[in-house]
Amino acid sequence: MVEVHEDPQLGLDSDEDDEELSDDELQEAFAKGLLKPGMNVPLIEPKKAINNVEGLKKCLAEFKRSLPWAERLDLTNLPADDLIAKAEGKAQQSEGGEDINAEDDFQREMYFYRQAQATVLLALPKLHKFKIPTKRPEDYFAEMAKTDQHMQKVRKMLLIKQAAMEKSEKAKKLREQRKYGKKVQTQVIQNRQKQKKAMLSAVKKYQKGMTDKLEFLEGDQDPKPKGPAAKKQINKKNPNAKKKYKDQRFGFGGKKKGTKWNTKDSHDDVSGFKAKMAHGKGGKGGKRGGKGGKTNKRPGKETRRKMKARK
């Protein structure tokens, strides 16, 4: 409650509490200097606590009804035993719930869950005692909370969403197929290039006499035989003379440097030694001869020069 003490200089009576000053009058009083701090003092009275026991009991008696339990269906019980904690050998929490942390959502919800389990175990026998059914009958029909028109709208929206999802999936599959098609096309082109390169290489080998196979020509030969017939056919084919000569002269792979070096085995092997041909010795009378046992009858260069000078 706020009381206002008014100055008599304002020309206002204390009996006129219900009347209020207008803005113009307040502005005039402020301009004249009649409004000063401390003139308006708020008086706040402390609140009174009222404990009307009789009134509360009367109100409780008015809305309280002594109905049977079948109409109230209320139960007050402790939570059921924590079977998981028992199986794991953990200490259970107190039945009063003093150890439950209200800030822990999981712990709090598990406490409610076990309490609901205990309530069901207590309520079912009572409901059976009062012959109250606890299961829905097979021919139970419940009216929908929403109208058929609303459900049709919901169904229509669901069908639209489903069609949009199917369209999106179809477009996604088409994109993937295009990517796969491009990939396959690239692989086919690469395979063709490889085949072309291999064919050109085979033609060059055939032209140089490195091979006599014409398998790179389509339709020129019968299909390749399989089994023992193929082995016989491979054995019958022999390299041509040009290939043999090149193999004999240049070899056909492997180490080539140092092939003419002498080894211990070749040094000890004298089976191909011929005394008549060694160091040009042999022939008639043991005289040294040239190729084929013949002596070189041509005079030397100095002798030929002297003979030329004599002429």
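Predicted model: local features only at pLDDT ≥ 70, side-chain atom pairs only at ≥ 80, totals over all residues.
Local features require pLDDT of at least 70 and side-chain atom pairs pLDDT 80 or more, while totals for chains, interfaces and linings use all residues. Residues are numbered from 1 along each chain as its sequence is written, and side-chain values use heavy atoms, without hydrogens and water.

The protein chain holds 10 helices and 0 strands (DSSP runs, H or I of at least four residues and E of at least two, numbered from the N terminus). Of its 311 residues, 7% are buried (under 20% relative accessible area; exposed is over 50%, partly exposed in between; 1.4 Å probe, protein chains only). The chain exposes about 30800 Å² (Shrake-Rupley method, 1.4 Å probe). Carbon and sulfur atoms supply 55% of that area. Among contacts (heavy atoms within 4.5 Å) between residues at least 6 apart in sequence, 46% join residues at least 24 apart.

Helix H1 spans residues 23-32. One of its 10 residues is buried. Asp-23 lies in H1 and is exposed, at 57% relative accessible area. Asp-23, Asp-24, Glu-25 and Glu-28 gather in a surface patch of negative charge. Patch residues have over 30% relative accessible area and no salt bridge; like charges are joined within 9 Å, nonpolar side chains within 5 Å. A salt bridge places a side-chain nitrogen of Lys or Arg within 4 Å of a carboxyl oxygen of Asp or Glu. Just after H1, Gly-33 adopts a positive phi of about 85°.

A nonpolar surface patch comprises Met-144, Met-151, Val-154 and Leu-158, with about 360 Å² of accessible area together. Val-154 belongs to helix H6, residues 148-207. Val-154 is partly exposed, at 32% relative accessible area.

Note on methods. Lys, Arg positive; Asp, Glu negative; His and termini not counted. Charge placed at Lys NZ, Arg CZ, Asp CG, Glu CD.
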